[in-house]
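Here is a short briefing on the contacts inside one protein chain. Start with the structure, then read the points by topic.

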Amino acid sequence: MGGHAALARRLGREHADGRLHAQAATLAARRTCDRVPAVTPDNNPSAEGLQVAVRVLCAFTAQAGNLDLRFTPSPTAQDGVAGHEAVTARRAAPYQREMPLRSRFGDLLVQGRADGFDPAGPRLEEIKTHRGDVALVRENHRALHWAQARVYAWMLCEQLGLERIEVALVYFNIDTRLETVLTTWHTADELRQHFNDLCSRYLGWARSEQAHRRARDALLQTLTFPFDGFRVGQRELAGATWRTHSHGRHLLVQAPTGIGKTMATLFGALRAVPAQGTDKLLYLTAKTPGRRLALDALRLLQPTASTGRLRVLERVAREKACEHPDKACHGDSCPLASGFYDRLPQARDEAAHTAWLDQAGLRTVALNHAVCPYYLGQDMLRWSDVVVGDFNHFFDLSAHAWALTVGEPWRVGLLVDEAHNLIERARLMYSAELDPLTLAALRKTPPKGLKGSLDRLHRFWGTLGRGQAAGQLLQNDVPEGLVGALQQHAADLSEHLALDATAPDVRVQAWLFEVLHFVRVAEVFGDHSLVEITRTEAAARTRAPRPRLAIRNLVPAPHLEPRWQAAHSATLFSATLSPMDHSIHLLGLPTDVARLEVPSPFDPAQLQVRITPHISTRYQDRAESLDAVVAVMADQFHAKPGNYLAFFSSFEYLQQVLARFAVAHPDIGLWSQSRGMAEVDRSAFVARFTDNSQGIGFAVLGGAFGEGIDLPGQRLIGAFIATLGLPQVNPLNEQLRARLQLKHGRGYDHAYLFPGLQKVVQAAGRVIRGPEDRGVVVLMDDRFARPEVRGLLPPWWHIERFERG
Ligand code: SF4
């Protein structure tokens, strides 16, 4: 099997949303590494002539019974590839590897690549790698493996004119290097009947998909903008998006809030779909409100006719879609997993006809057929036209949509909303941590059968950071032996959970997810990341507990580059992408990415921007700044009473100003963000801003209220920003600065200034939301007056200096 496409398929085959669930699904579905054809058949049944890959045909038709994502020992993706190579290397000539095969059933062309063929048998081999006891391979997975093997066997019989053939499933244990071989003989006639049966079951669906695709494209060719006219800047953005997606390019757009970016980009990209033969448009957001906006826009673009409708699918995290959070994803535990594949065809059929599959719509269909909404959604990803989801649905290590894009392959268009957030989100996706206290807690009351494994890992962990004084050690390499030790430990944990699958120990399960994620991040470690070993004072003195281990991604570009390459086209947009080189370097965008800056539709007279050069909010000056900050805020409030937001660099600074302000001006209403604020408290914070209220809401820059909240009109008439938003100077950020300096120059700006100013502009952007708004932004730090800083502020701002004190 081979190569990168196969590897990528394995990496992403079983993505579930959210890190923990992603790991669970990864483990379950990777327990055997499927052979994936290295050919690139067009699996899109809607193209002229119907084609399908063996893998897709079998997954569609040969799965029956329960959904079963029980924990079983899994090889890593690389191990899977190596395992296939190890098996075929053992076979002597004239054994043939990776045989490309194709067969027809009526107008359906089936293609694939058989793992191995021994003409002496003659014997067809289908190879699967695994860890642990081969008996743990679930029955429904084994049935799928047999189906694939038999389809290849028929294709061989047909191609070579064989009358009989031995069909072998070879399970290769990557730890013991032992093979378990299951064999059966079939006549060509039996295999042909099996092949015909699968194809005839697939063909009806494929034809209806072909009809859907034609109707969809006809609809999109005549799609009209759903409003009477475009807003200022909106037509320009829609046109640029259309050109980008029509030419298979990538585009980075900075466009101000309020011009209707969501509608403009969706309209432009959808219009390009028919001519480009785009399979799917993925609209990816950082936060839930962005998903809602996209769905609202798509509803307006969706015609009411029952034919030719777009199939729109909303992807949400598994914990949000799960109907039985107290259960496990297999038929012995969850009623919606029991018989899942038996009822999936009917559920899929209804979902396809329903077309509008937001979270509620998908849930209704799923429950009509007693199947899990989350896994029905995962299946419908393949059959949808527009998918609205989170960044992680395409950019995460295990992203299912990414794996299918590469593996099928699909022609995919991306719309990336609030793209400035992708840098930080991607860093998190490719970072991992292991807490020694979790291991210590498990060792204190070890689950039966796991004591030895926990102790072994504990001993190995003790060799890390040995002799290290308290503090943080940054390394350029993953410590030798760590990945192997964790892999072995993960296999032990997996086997334990597999044997006790009906009542999984949640502690073991959670720990396994963390270990697996760490291993996967370690496997793609490079000079874009650092290993951080942190030893507390107590640990340094006592040698226990072990140090905290982390892999911190600094530059996500190398991880994201293949994602942009796999996408046919992409438009990334945000109100704050200045300077664009920063985003291009850190996101790994192609160097020829097109750039567009849509001018603000707002009149500079709508926003008064003032700088206070007598205030320094530098860390060492903060205590001295309190009275001046309070005075500026109070003066502004008294000059124009109303609703204001005040942003600070930290909760500590916020509290100091808040306390001073409350004493000095008890007549002014104040409310404040708190650490780890619950969703309900956040809503209450925002609800304080009404058309009739007056007061100042205190918040931390870059937090929950610095972007994504909409307070038009009198609900917000001004913002105070008492910080440049610069990230903390610490060893990690200094490493980032040094690396970016080496690679792109302007290391300080890339590591500190640009991300800081993006947060400032985002926060200030809360004030003017429409043509009727009027307001003020007070930038409270002398550094805002510097030309290099002012150059990063929106050009339409008319900035005044403000002297006081
Ligand atoms: S309902 Fe929940 S527990 Fe059941 S299969 Fe779906 S995600 Fe798993």
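Thr612 touches Val632, Val778, Leu779, Met780, Asp781, Asp782 and Phe802, leaving aside residues up to four places away in sequence. The model behind this briefing is predicted. Thr612 sits in the loop between strand 19 and helix 24. Its relative accessible area is 0%, so Thr612 is buried.

**Around Asp782**

- Asp782 is one of the residues that Thr612 touches.
- Asp782 also forms a salt bridge with Arg618, with the closest N and O atoms 2.9 Å apart.
- Asp782 is partly exposed, with a relative accessible area of 22%.

**Other salt bridges**

- Side chains of opposite charge can pair when their charged atoms come close.
- The count of salt bridges comes to 38.
- Glu433 and Arg552 meet through their side chains in a salt bridge, at 3.0 Å from N to O.
- That pair links distant parts of the chain: Glu433 is in strand 13 (residues 432-434) and Arg552 is in strand 16 (residues 548-553), 119 residues apart.
- Glu433 has a relative accessible area of 34%, so it counts as partly exposed.
- Arg213 pairs with Asp217 in a salt bridge, the closest N and O atoms being 3.8 Å apart.
- Both Arg213 and Asp217 belong to helix 6 (residues 188-221), four residues apart, which is about one turn of the helix.
- Arg213 and Asp217 are both buried.
- A network of salt bridges links Arg90, Arg91, Arg123, Glu125, Glu166 and Glu179.

**Ligand shell**

- Which residues surround the ligand? They are Leu67, Arg318, Cys322, Glu323, His324, Lys327, Cys329, Cys334 and Cys372.
- By type, the residues of this shell divide into five nonpolar, one polar and three charged.
- Cys372 belongs to the shell, and its relative accessibility of 11% counts as buried.

**Cysteines**

- The disulfide count is zero.
- The cut-off for a disulfide is 2.5 Å between the sulfur atoms.
- Cys199 is buried, at 0% relative accessibility.

**Nonpolar cores**

- The largest nonpolar core has 140 residues, and Phe395, Leu414, Trp511 and Trp564 touch the most other members.
- Helix 5 (residues 139-160) gives the most to this core, with eleven residues.
- Phe395 touches Leu284, Leu414, Val416, Leu422, Met429, Tyr430, Leu560, Arg563 and Trp564, not counting residues up to four places away in sequence.
- Another core lies apart from the largest one. It has 38 residues, among them Leu607, Ile611, Val789 and Trp796.

Methods. Residues numbered from 1 in each chain as written. Predicted model: local features only at pLDDT ≥ 70, side-chain atom pairs only at ≥ 80, totals over all residues. Heavy atoms only, no water. Salt bridge = Lys/Arg side-chain N within 4 Å of Asp/Glu carboxyl O. Helix = DSSP H or I, 4+ residues; strand = E, 2+ residues; numbered from the N terminus. Buried < 20%, exposed > 50% of the residue type's maximum accessible area, 1.4 Å probe, protein only. Near = heavy atom within 4 Å. Nonpolar A, V, L, I, M, F, W, Y, C, P; charged D, E, K, R; others polar. Core = buried A, V, L, I, M, F, W, Y, C linked by side-chain atoms within 4.5 Å. Contact = heavy atoms within 4.5 Å.
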